[in-house]
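Here is a short report on a predicted model. Please look over the sequence and the fold first.

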Amino acid sequence: MEEIRKGISKLNTGIKGLDEMLMGGLPKGRAALITGPTGTGKTVFLNSFIYLGITRYDENGVYVTFEETPQDIILNVQGFGWDYKSLVENKRLAFVDVSPNDVIMEIGTNYDFTPLFKRIEHAIEKVSAKRVVLDCIDAFFARFLNKDAVRSSLNQIAVHLKSLGVTTLISGERTSDGSGHTRYGIEEFVSDAVLELDLVGGQQQFLRTICVRKIRGTNYRSGLMEFDITSEGIEVFPKIPYKKIEMNTDYSIRRKFGIRQLDRMLYGGIPQGHMVLLSGNTGTGKTTFGMQFLVNGIKEGENVVFVALEEPIEQLKKTAKNHGWDFERFQKEGRLDFVSTDLIDIRNDRLLYSIVNAVNCIGASRVVIDSVSSLMSASMNEEQVRQFLIQLSGFFKEKGVTCIMNYLTGSSFGAVKGQLMSNIMTNDMRLSSITDGIILLLYVERGQSVKKMLNILKLRGSKHSKEVYRYEIEKGRISIIEKYEE
Amino acid sequence: MEDNANRYILTLYITGETQTSRKTITLLEEILDSELHGMYELKIIDVLKHPQLAEDDKILATPTLIKILPPPVRKIIGELTDKKKILLGLDFTTK
């Protein structure tokens, strides 16, 4: 078994998130195929593979271009701040220019592509390349009548590149007939790994997806993942593998709010690794509770993350300042990090990845998501939110992160006497299987005034107060006043 | 003396000094001799020995025959057996 495992080692591509998705990288010394319809980002992938190889891993590259001229490619990647010109001058990168820059007339079909083969080999020798890309071979096929000769030459090249020990990434157009095959059946000879790119319609923008169709002999994370092309290149947002989660929680470790009465109601605070739903109508103070929870974490020497899906970070900082909390300073000191996203098209994988990154980056042990309801009102449906939270919960439990998820309920207002708890929305309950605890905030109209009530509905694995308490928020300070009795 | 403008400069790329290569060269020289009456220069390049030249000339397949002069430059590939096709492909105007 060990021998087999040693058989195929992996090569870090350096592309953000891709190596996690591929659980290490591409099969080293093999050829991989990246397919997709026009405009899905194949060429950017190839360029990232080459550029990061040279600059990050000291692995020089050869770029075989069947489509654009080297001059155009050099210009194109300047947008990412990549200086191919000096890489070529310093013999870190070599082009094999097979772009259709002149007309070749075929007077017979009896020819072979040995020159191409030799040129690639020569370029590899010239810069001692470890990585090779072929972009895009459909253009190669399109130029010659003798498709069999093209196919057999590519086969020959793939085999030869393997024997030279270089890792190759080849791009090919995928037909849109849904078969998942490339137009010229390139998979036949490049079958060590196949990655598929796609564009899918979002509400306001296209989402880019990548999935692994196969990787020979090694593991990878299956399923569609989102990726993005940013000013720095490619970033893939791999899902968190849920099956592999190891629980890392100790219920005796409690995370306090720093509100004496509330912590007592929680029998010492929220246990480590718990995901607690803080549910309440607008104005009940969910965000303030969340901030209080984070601030107290910082006070106790922990680092924290605020996932801001409701309001801009600047506005949150201002609110915090009014409460006497200097979020700006916390952030500068690396104690507090913010995660925010464009709410019009929330991208699950991307948001998940940002949260995971933020938590890992500062070693956070407390996270507040403000709010989960925003996820639902945005582009995620209920099932997607559920999946998102399941994945997040898995990660938090592995890391021992305690999380408060704010949740907006509309109908917790105006309960009649004796029916204080009558109006918990069913949505809360649907989320309740994921949550380890529920804290309810409610308005109650009594006499001439509206009072704010708090109840701990559930706290998994722990005792908790069952009473209803009245609380008040004054100048951002939460105070639990008394047990509420009618 | 013949006019230099009528002089043909040609390059033939081959792969290795094989039987096929030799046959191609012999055939081509016969055709050129009969058509151009010695008014040509034919350079023969083996891509196995000179991959950089193949790179500079952007050669993809062998055999490739390039007509460099007189302009326009022409590249033809495929077996060089059919005299008519070669002449047509190289844009020769037989006088």
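## Conventions

Two strands pair if DSSP finds at least two bridges between them. Helices (H or I, at least four residues) and strands (E, at least two) are DSSP runs, numbered from the N terminus.

Residues are numbered from 1 along each chain as its sequence is written, and chains are lettered from A and ligands numbered from 1 in the order in which they are written. This is a predicted model, where local features need pLDDT of at least 70, side-chain atom pairs count only at pLDDT 80 or more, and totals for chains, interfaces and linings use all residues; side-chain values use heavy atoms, with hydrogens and water left out.

## First sheet of chain A

Nine strands of chain A build an open sheet with mixed pairing. Their order is β5-β4-β7-β8-β3-β9-β10-β11-β12. Neighbouring strands are turned by 25° against each other on average, direction ignored. Axes here are lines fitted to C-alpha atoms, for helices over the stretch in contact, and angles run from 0 to 180 degrees between N-to-C directions.

Strands β9 (residues 193–201) and β10 (residues 206–215) of chain A run antiparallel and are joined by nine bridges. Within β10(A), A:R208 is the residue opposite A:L199. Helix α6 (residues 114–127) of chain A lies across β4 (61–65), β5 and β7 (131–135) of chain A. Its direction is at about 170° to β5(A). Contact means heavy atoms within 4.5 Å.

## A buried threonine

Where does A:T40 sit? Its place is the loop between β3 (31–36) and α3 (42–57) of chain A. A:T40 is buried, with a relative accessible area of 1%. Buried means under 20% relative accessible area, exposed over 50%, partly exposed in between (1.4 Å probe, protein chains only).

The side chain of A:T40 reaches the backbone oxygen of A:P37 at 2.6 Å. A polar contact is a pair of N or O atoms within 3.5 Å; within protein, one must be able to donate a hydrogen and the other to accept it, and residues adjacent in sequence count only if both atoms are side-chain atoms. Not counting residues up to four places away in sequence, A:T40 touches A:L197, A:D198, A:L199, A:R208 and A:F227.

## Nonpolar cores

A nonpolar core is a set of buried Ala, Val, Leu, Ile, Met, Phe, Trp, Tyr and Cys residues joined through side-chain atoms within 4.5 Å. The largest one has 38 residues, of which A:V62, A:F113 and A:L116 touch the most other members. At least two residues each come from β3, β4, β5, α6, β7, α7 (137–143) and α8 (147–163) of chain A. The most come from α6(A), with six residues.

A:V62 touches, among others, A:I50, A:A94, A:V96, A:I124 and A:V133, not counting residues up to four places away in sequence. Apart from this core lies another, of 37 residues, among them A:I15, A:A193, A:L197 and A:M225.

β20(A) and β21(A) run antiparallel and are joined by 10 bridges. A:V444 has A:K451 in β21(A) as its bridge partner. Their hairpin has two residues between the strands, and A:G447 takes a positive phi near 60° there. Strands β21 (residues 449–459) and β22 (residues 468–474) of chain A pair in the antiparallel sense over four bridges. In β22(A), A:R470 stands opposite A:M453, and A:Y469 is the bridge partner of A:L454.

## Chain B

Chain B has three helices and four strands, in the sequence pattern β-α-β-α-β-β-α. Of its 95 residues, 45% count as buried. Among contacts between residues at least 6 apart in sequence, 64% join residues at least 24 apart.
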